[in-house]
Amino acid sequence: MKFESNYHFSFENLIVYQKAISFGEIVNELVETFPKKEIFRLTSQFSRAADSIAANISEGSASTDANFNRYLKMAWDSSHECVTWNTKAYLRKYISKDQFESNRALLTEIGKMISSLRRKLNIKK
């Protein structure tokens, strides 16, 4: 994740957040190439689900552990929703096999990281 700012938020230190932000940008670039007929269907759904991963991580991070865990669950759910949209994009031949596999690898990594963070929060109780 590359950007400059004079201000910093603690959730930006989370590697899972950084990977989720990067994944959202990858999806944004991919959907720009999708046909116009998909703008209110696949394009919109895939983009929103991808961006929702990082948004839920950041939104829940400043709350209680229990509430953060709830937001992490929503981020995990969004990552799984992206698996579906990624598959649809591949089946409709909007992305290559390499892009399909790369997205799946990133989603697997993000999902594992979210699950690990959720376990850590549950242990702290």
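Here are a few notes on the charges and aromatic rings in this predicted model.

1. Ground rules. The model is predicted, so local features need pLDDT of at least 70 and side-chain atom pairs count only at pLDDT 80 or more, while totals for chains, interfaces and linings use all residues. Residues are numbered from 1 along each chain as its sequence is written, and side-chain values use heavy atoms, with hydrogens and water left out.

2. Aromatic pairs. A search of the whole structure turns up 4 of them. To pair, rings of Phe, Tyr and Trp (its six-membered ring) need centres within 6.5 Å; planes under 30 degrees apart are called stacked, over 60 edge-to-face, and the rest tilted. Phe9 and Phe11 make a stacked pair, at 5.8 Å centre to centre with 25° between the planes. Phe11 also pairs with Tyr17: the ring centres are 4.9 Å apart and the planes sit at 75°, so this pair is edge-to-face.

3. Phe9 is partly exposed at 49%. Phe11 is buried at 17%, and Tyr17 is buried too, at 9%.

4. Lys73 and Asp77 form one of them, at 2.6 Å from N to O. These two are 4 residues apart in helix α3 (residues 65-91), so about one helical turn separates them. Helices here are DSSP runs (H or I, at least four residues), numbered from the N terminus, and strands are E runs of at least two. Asp77 is partly exposed at 33%, as is Lys73 at 31%.

5. Lys97 and Glu101 meet at 3.4 Å, N to O. Lys97 is partly exposed at 44%, and Glu101 is partly exposed at 37%.

6. In one of the bridges, the side chains of Arg41 and Glu38 meet at 3.3 Å, N to O. Is Glu38 buried or exposed? Glu38 counts as buried, at 1% relative accessibility. Arg41, on the other hand, is partly exposed at 45%.

7. A negative patch. Glu25, Glu29, Glu32 and Asp51 form a negative surface patch. Patches take residues with over 30% relative accessible area and no salt bridge, joining like charges within 9 Å and nonpolar side chains (Val, Leu, Ile, Met, Phe, Trp, Tyr) within 5 Å. Lys and Arg count as positive and Asp and Glu as negative, with His and the chain ends not counted. Glu32 lies in the loop between α1 (15-31) and α2 (39-61), and Glu32 is exposed, at 60% relative accessibility.

Methods:
Accessible areas come from the Shrake-Rupley method with a 1.4 Å probe; for residues, only the protein chains shown count as cover. A salt bridge is a side-chain nitrogen of Lys or Arg within 4 Å of a carboxyl oxygen of Asp or Glu. The place of a charge is taken as NZ of Lys, CZ of Arg, CG of Asp or CD of Glu. Buried means under 20% relative accessible area, exposed over 50%, partly exposed in between (1.4 Å probe, protein chains only).
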